[in-house]
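Reader: Hi! Could you walk me through this model, one piece at a time?
Author: Happy to; here it is.

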Amino acid sequence: MVNETEQFQSRLHRIQRGRAKRRNGMGFVVHPDGVVTAIGRPSSRLRFAFPLKGLVLALMVAATVKAYLIWFLGVDIYTLEIQSLLSGSAFEQVAGLILMPDAVTGWLVERFADIDVFVRGGIAAQAG
């Protein structure tokens, strides 16, 4: 019985230690009269984190989709579509500027072409 109590107390102490670490020493005490007061030192650092990972992921997805469109439609048709966007409304002009080909999408278009050659070669080998 004593051994079980010791195990329980050690487990309880370990859990409370982990909680204290996550709170940076902050805690609360409920007094007998029902008043709750904070104990410990509050964190003086405010954290306003910018979602950098999300922004980088969104840019990668946008570049990949743009490269796929260039590869699928072809450079000539894609350029004509961009020119029609640039001669449209203000929103279409902004979209046209964003969708203009750049070095990253050019590199991705080459990778799409390499993948296409690889897949078509595998399909031709299976058929033949």
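Author: Let me start with Thr105, which counts as buried because its relative accessibility is 1%. Buried means under 20% relative accessible area, exposed over 50% and partly exposed in between, with a 1.4 Å probe and protein chains only. Bear in mind that this is a predicted model, where local features need pLDDT of at least 70, side-chain atom pairs count only at pLDDT 80 or more, and totals for chains, interfaces and linings use all residues. Residues are numbered from 1 along each chain as its sequence is written, and side-chain values use heavy atoms, with hydrogens and water left out.

Reader: Thanks! Where is Thr105 found, and what is it in contact with?
Author: Thr105 is found in helix H5. Leaving aside neighbours within four places in sequence, Thr105 contacts Ala63, Lys66, Ala67 and Ile70. Contact means heavy atoms within 4.5 Å. Helices (H or I, at least four residues) and strands (E, at least two) are DSSP runs, numbered from the N terminus.

Reader: Is Lys66 buried or exposed?
Author: Lys66 is buried, with a relative accessible area of 8%. Lys66 is found in helix H2. Not counting residues up to four places away in sequence, Lys66 touches Tyr78, Ile98, Leu99, Met100, Asp102 and Thr105.

Reader: And what about Ile70, what is that in contact with?
Author: With neighbours within four places in sequence set aside, Ile70 is in contact with Val75, Tyr78, Pro101, Thr105 and Val109.

Reader: Nice. Which residues make up the largest nonpolar core?
Author: There are seven residues in it: Ala63, Ala67, Ile70, Tyr78, Ile82, Leu108 and Val109. At least two residues of this core come from each of H2, H3 and helix H5 (103-127). H2 gives the largest share, three residues. A nonpolar core here is a set of buried Ala, Val, Leu, Ile, Met, Phe, Trp, Tyr and Cys residues joined through side-chain atoms within 4.5 Å.

Reader: At what angle do H2 and H3 pack?
Author: Helix H2 (residues 52-73) and helix H3 (residues 75-86) pack at about 120°, and their axes are 6 Å apart. H2 and H3 are therefore oblique to each other. Angles under 35 degrees count as roughly parallel, over 145 as roughly antiparallel, 65 to 115 as roughly perpendicular and the rest as oblique. The axes are lines fitted to C-alpha atoms, for helices over the stretch in contact, and angles run from 0 to 180 degrees between N-to-C directions.

Reader: Which residues meet there?
Author: From H2, Lys66, Leu69, Ile70 and Leu73 meet Val75, Ile77 and Tyr78 of H3. By class, the contact of H2 with H3 has six nonpolar, no polar and one charged.

Reader: How far apart are the axes of H3 and H4?
Author: The axes of H3 and helix H4 (residues 90-99) are 7 Å apart, at an angle of about 145°. H3 brings Tyr78, Ile82, Leu85 and Leu86 to the contact, while H4 brings Glu92, Gln93, Gly96, Leu97 and Leu99.

Reader: Switching topic: how many helices and strands are in the chain?
Author: Five helices and two strands, running α-β-β-α-α-α-α from the N terminus on. Buried residues make up 9% of the 128 residues.

Reader: Last one: is Val36 buried or exposed?
Author: Val36 counts as exposed, at 51% relative accessibility. Val36 has its place in strand S2 (residues 36-39). Apart from neighbours within four places in sequence, Val36 is in contact with Phe28, Val29 and Val30.

How values were computed. Nonpolar A, V, L, I, M, F, W, Y, C, P; charged D, E, K, R; others polar.
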